[in-house]
Each structure stands twice: as C-alpha cells, then as structure tokens.
Amino acid sequence: EDQVTQSPEALRLQEGESSSLNCSYTVSGLRGLFWYRQDPGKGPEFLFTLYSAGEEKEKERLKATLTKKESFLHITAPKPEDSATYLCAVHLRAAGNKLTFGGGTRVLVKP
Amino acid sequence: GAVVSQHPSRVICKSGTSVKIECRSLDFQATTMFWYRQFPKQSLMLMATSNEGSKATYEQGVEKDKFLINHASLTLSTLTVTSAHPEDSSFYICSALGQGQETQYFGPGTRLLVL
C-alpha cells in the first residue's frame, strides 16, 4: 500500500534555529514529490516539485531534497513568518493526476 | 499566475439544506479540478476528481449523491453538499490543474458549518 509519512507532527523553533522536516514514502512509480505550505484557514501554497533522487531546490530560507525513500525540507534560520503547516504529497504514475498527501508538519517559529 | 478562487469562503447553514461551493481558475484553463476535505489538524483528503465535461470520479467512501460535482467549463467547478448534516461541517478545498502545469493550484478553501 502506498504511504506518505511526515515527521515530526509538530515542531517548535526559536527564530534562527535551523531544522529539517521529513517526508518518507513507500510507493510504487513515483512521478514527483511536492511540498506545500498551508497557513491556518487557507489553501495550500505550492513550494517545490522534486522528480528524481539527488535533486535539490531552494527558495529563500527553504531547501528541499529528495532521495529514493524520503524528502527533507530544510528551514535555515527561520523567522516567525515561516510558521505554517508544511505538507508533502506524491504523484504516482498509476494515479493519473491525483496527489497523495502526508499528514503535515506544523511549524511554529517563536521570536 | 495560476490563481484559483473559491466562493463562498465561509457558509453556515441549517441541517437538511443544500450548499453550493464554486471553484474558479482565474487565469488559466483547468482541464482537471479536484475537491478535498480537511478536518482540523489533519491533512487533505481527496474527495473527487473532475474533468471538464465529464462525470466526476469519486474516491472510495465518498457518497456521490451527497456531494454533487459539476465541471461545466474549463474555469468552473461546483461542489454541492446536499441535505447537509452537522457531520458534513469541514473545510473544503478545491484545486485546479491546467495543461502543461507541473502541479495543482489550490483555492483558499470554504469553511462549512452545518447547524
């Protein structure tokens, strides 16, 4: 069975304290892995797509990496405005255009 | 670019009434639209996938007669919650995927409260 697991469920950071979020997956036929940011009461906002192991993408304080089993979202020197829920999702070859989401990691960055 | 809107953003209704939620892609044509449901502190659960001009494909366990989906044009999909009950209260989010786009783009969500 295809599974996407995110850890930790919640993360409290001090401003400037770098950390990493994990998204592990056991799926067949990965076409792509997506990271989204979701603020409370809003829809997810697209951050990155990763397609192959070894790929890395960066945007401001965020950097996403991908291996054959997992993806990491690194937050470097976070600021309070980075507080959000970060969702990863996989796009499988056998699933058409559907995405399968992990449970998310709620990040709180305290000043 | 790639903006998706939803209307209304919040709706309160009485038990037994029907509620319609609209999802529009504002600056691109969406060949496929998706409807998700999200409970507090949980992730998104896909309810159904709809292609323009076709019947929606519902996920296992989602009642198609209760959650009516219409995708009449390349920029508009609607979700109608029929005979709503308190357990239908949730956050409903749509997304849209256009030709050649690498990802779905999400709407801002609709908070439904059924009294």
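In the predicted model, Asp82(A) is buried (under 20% relative accessible area, with exposed meaning over 50% and partly exposed in between, for a 1.4 Å probe and protein chains only), its relative accessible area being 6%. Its salt-bridge partner is Arg61(A), with the closest N and O atoms 2.8 Å apart; a salt bridge here is a side-chain nitrogen of Lys or Arg within 4 Å of a carboxyl oxygen of Asp or Glu. Arg61(A) is partly exposed, at 21% relative accessibility. Because Arg61(A) lies in the loop between strand 6 (56-59) and strand 7 (62-66) of chain A, and Asp82(A) in the loop between strand 8 (70-75) and strand 9 (84-92), the pair ties together parts that are 21 residues apart in sequence (strands being DSSP runs of E, at least two residues, numbered from the N terminus).

Across the interface of chain A and chain B, 1 salt bridge is found, in which the side chains of Glu59(B) and Lys98(A) meet at 3.0 Å, N to O. Lys98(A) is partly exposed, at 27% relative accessibility. The contact (heavy atoms within 4.5 Å) takes 18 residues from chain A and 20 residues from chain B.

Residues are numbered from 1 along each chain as its sequence is written, and chains are lettered from A and ligands numbered from 1 in the order in which they are written. In this predicted model local features need pLDDT of at least 70 and side-chain atom pairs count only at pLDDT 80 or more, whereas totals for chains, interfaces and linings use all residues, and side-chain values use heavy atoms, with hydrogens and water left out.

Definitions and conventions
Helices (H or I, at least four residues) and strands (E, at least two) are DSSP runs, numbered from the N terminus.
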